[in-house]
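Please keep the sequence and the model at hand while reading.

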Amino acid sequence: MKSFDIPEYYRSRIITPLKEFRRKRDKLKRDFSPTLLDFGPVRVLLARHFGFCYGVENAVEIAYKAIAENPGKRIFLLSEMIHNPDVNGDLQSRGVRFLMDTKGRQLIPFSDLNPNDVVIIPAFGTTLETQQQLAALGLDVVKYDTTCPFVEKVWNKAGQIGQKNYSVIVHGKPSHEETRATFSHSKETAPTVVVKDMAQTQRLAKYITHELPVEAFYEEFAGQYSVGFDPTRDLQRIGVVNQTTMLASDTQSIADYLKQVMIQHYDLTGDSVDAHFANTRDTLCYATNDNQDATYALLTSPADFAVVAGGYNSSNTSHIVDLCEAKLPTYFIESAQKIVSDTLILHFDHHTKQEITTENFIPAHRPVTILLTCGASCPDAVVEGILLKLAGFFPDSKSVDDVLETIMQ
Ligand code: SF4
């Protein structure tokens with residue numbers, strides 16, 4: 001895979017070579033088992049896959065290139081570059097300003113922009129409407145477009161489904177930048193509706209089967225359907241695409257469920273299913289699949305607790321947290337600073353959207369076993385900080401260099 005030129009301070013002298021070591025020994029990515037870092041009194045199991053993905057590294061490279069190539073110019077990011085506070089904070093410290101927040105609310109009016117300004121499109125992509133607005137102001141929306149190719153793949157898939165006269169059901173978080181962008185692109189070729197989860201999909205099914213009145217659809221799915229969407233007409237032939245970072249099992253269940261609804265409602269068998277349901281594979285990206293599969297593999301090892309690092313608004317990270325917290329105590333933290341001491345950790349509950357405090361999170365017995373991973377937008381340097389902080393709580397630990405040497409000999 002292509003390598004990118006990103007600032008060294010996002011890399012780690014521990015994590016980056018470890019990942020490279022595992023990658024070289026398993027180029028076909030068949031081995032999802034974690035890497036054991038055995039410090040003696042504490043054992044850290046590091047997931048096989050985590051951290052900066054292709055799309056994030058690509059976006060980070062382009063953003064720093066934009067800064068280097070445009071001294072003296074005003075540089076704007078359409079919204080958060082990726083969902084990581086370190087990366088966004090570093091770009092802001094270099095003078096980059098955000099035009100919108102992650103929900104699409106305007107922070108700086110587009111009318112303040114002039115053709116001399118530089119606008120960077122984030123990895124999630126953007127809506128056609130925003131692209132057109134910026135282009136109409138004379139801004140170049142192509143030069144620093146960092147839209148991930150795996151997001152564009154979803155747009156293409158939606159387009160293909162639409163061209164075959166299916167409506168598109170997008171499984172995603174309705175307010176997430178990527179889903180808003182996908183919705184915008186999809187509706188150009190097909191009637192489109194967004195479902196956020198299985199509960200909402202089951203409600204949608206009731207409009208497919210005419211169990212609920214059409215009028216209720218417009219209220220229930222307000223803001224989630226394309227202009228002119230007619231549930232009676234537009235739910236007869238459907239296909240599913242999804243936000244690239246959803247939980248694979250959720251997306252699969254939603255597609256399977258909708259297929260069954262169509263089969264039963266239209267009494268379909270064999271090839272006739274295609275007449276009402278586009279049989280497509282999910283549009284999760286490789287990084288989401290790898291990171292989730294590596295998390296499942298990580299969770300096969302008994303451990304005392306898990307630490308998952310990432311931005312609190314990161315969709316892919318929250319799904320890794322979901323997988324971990326179903327099995328053991330899990331702490332979702334932005335950085336090592338959230339580990340206040342060996343008895344106190346500040347961590348995010350993404351269900352209530354609140355940071356909470358847990359005391360005595362490290363058990364008294366020895367050795368303590370910790371699972372460690374992070375989302376696709378989290379730099380290796382952040383994971384290193386967490387690893388060193390945790391290891392530092394155990395005075396008789398082996399040194400990092402000794403542990404690395406044992407692994408990489
Ligand atoms: S998580 Fe997937 S879709 Fe998102 S930027 Fe990374 S590779 Fe692209």
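Helices (H or I, at least four residues) and strands (E, at least two) are DSSP runs, numbered from the N terminus. The model is predicted, so local features need pLDDT of at least 70 and side-chain atom pairs count only at pLDDT 80 or more, while totals for chains, interfaces and linings use all residues. Residues are numbered from 1 along each chain as its sequence is written, and side-chain values use heavy atoms, with hydrogens and water left out. The ligand sits in the largest cavity, and the shell around the ligand draws residues from both domain 1 and domain 3.

**The ligand and its surroundings**

- A cavity is, on a 1 Å grid over the protein atoms alone, a set of points where a 1.4 Å probe fits but cannot get out. A molecule sits in a cavity if more than half of its atoms lie within 2 Å of its grid points; the ligand does so in the largest cavity.
- Helix H2 (54-69) and helix H5 (149-163) are the elements that give two or more residues to the shell around the ligand.
- Among the residues around the ligand are Cys-53, Gly-55, Val-56, Cys-148, Phe-150 and Val-151.
- How do the residues of the shell divide into nonpolar, polar and charged? There are 8 nonpolar, 3 polar and no charged residues. Here Ala, Val, Leu, Ile, Met, Phe, Trp, Tyr, Cys and Pro count as nonpolar, Asp, Glu, Lys and Arg as charged, and the others, Gly among them, as polar.
- The ligand lies between domain 1 (8-53 + 286-407) and domain 3 (149-275), because both give residues to the shell around it. The domain bounds come from an automatic or database domain assignment.

**Buried residues**

- Buried means under 20% relative accessible area, exposed over 50%, and partly exposed in between (1.4 Å probe, protein chains only).
- Val-154 belongs to helix H5 and is buried at 1% relative accessibility. Between Val-154 and Gln-92 there are 62 residues of sequence separation and 30 Å in space, C-alpha to C-alpha.
- Gly-172 occupies the loop between strand E6 (167-171) and helix H6 (177-186). Its relative accessible area is 0%, so Gly-172 is buried. Gly-172 is 128 residues from Val-44 in sequence and 33 Å from Val-44 in space, C-alpha to C-alpha.

- Asp-234 is part of helix H9 (residues 231-234) and is buried, with a relative accessible area of 6%. Its side chain has a polar contact of 2.8 Å with the side chain of Arg-233.
- Asn-316 is part of helix H12 (residues 315-325) and is buried at 11% relative accessible area. The side chains of Asn-316 and Ser-314 make a polar contact of 3.3 Å.

**Backbone features in loops**

- Arg-366 and Pro-367 are joined by a cis peptide bond, with omega about -5 degrees. Pro-367 falls in the loop between strand E14 (354-359) and strand E15 (368-374).
- Lys-29 is not a glycine, yet has a positive phi of about 55 degrees. Lys-29 is in the loop between helix H1 (15-25) and strand E1 (35-38) and is partly exposed, at 31% relative accessible area.
- Asn-165, also not a glycine, has a positive phi of about 65 degrees. The loop between H5 and E6 holds Asn-165, which counts as exposed at 61% relative accessibility.

**Residues apart in sequence, compared in space**

- Arg-11 lies in the segment before H1 and is partly exposed, with a relative accessible area of 23%. Arg-11 and Ala-381 are 370 residues apart in sequence and 5.2 Å apart in space, C-alpha to C-alpha.
- Lys-398 is in the loop between helix H13 (380-392) and helix H14 (400-408) and is partly exposed, at 43% relative accessible area. From Lys-398 to Phe-39 there are 359 residues in sequence and 4.9 Å in space, C-alpha to C-alpha.

Technical notes: A residue is near a molecule or strand if one of its heavy atoms lies within 4 Å of it. On a 1 Å grid over the protein atoms alone, a cavity is a set of points where a 1.4 Å probe fits but cannot get out, and a pocket is an open set with protein on both sides within 12 Å along at least five of seven lines; lining residues have an atom within 4 Å of a point. A polar contact is a pair of N or O atoms within 3.5 Å; within protein, one must be able to donate a hydrogen and the other to accept it, and residues adjacent in sequence count only if both atoms are side-chain atoms.
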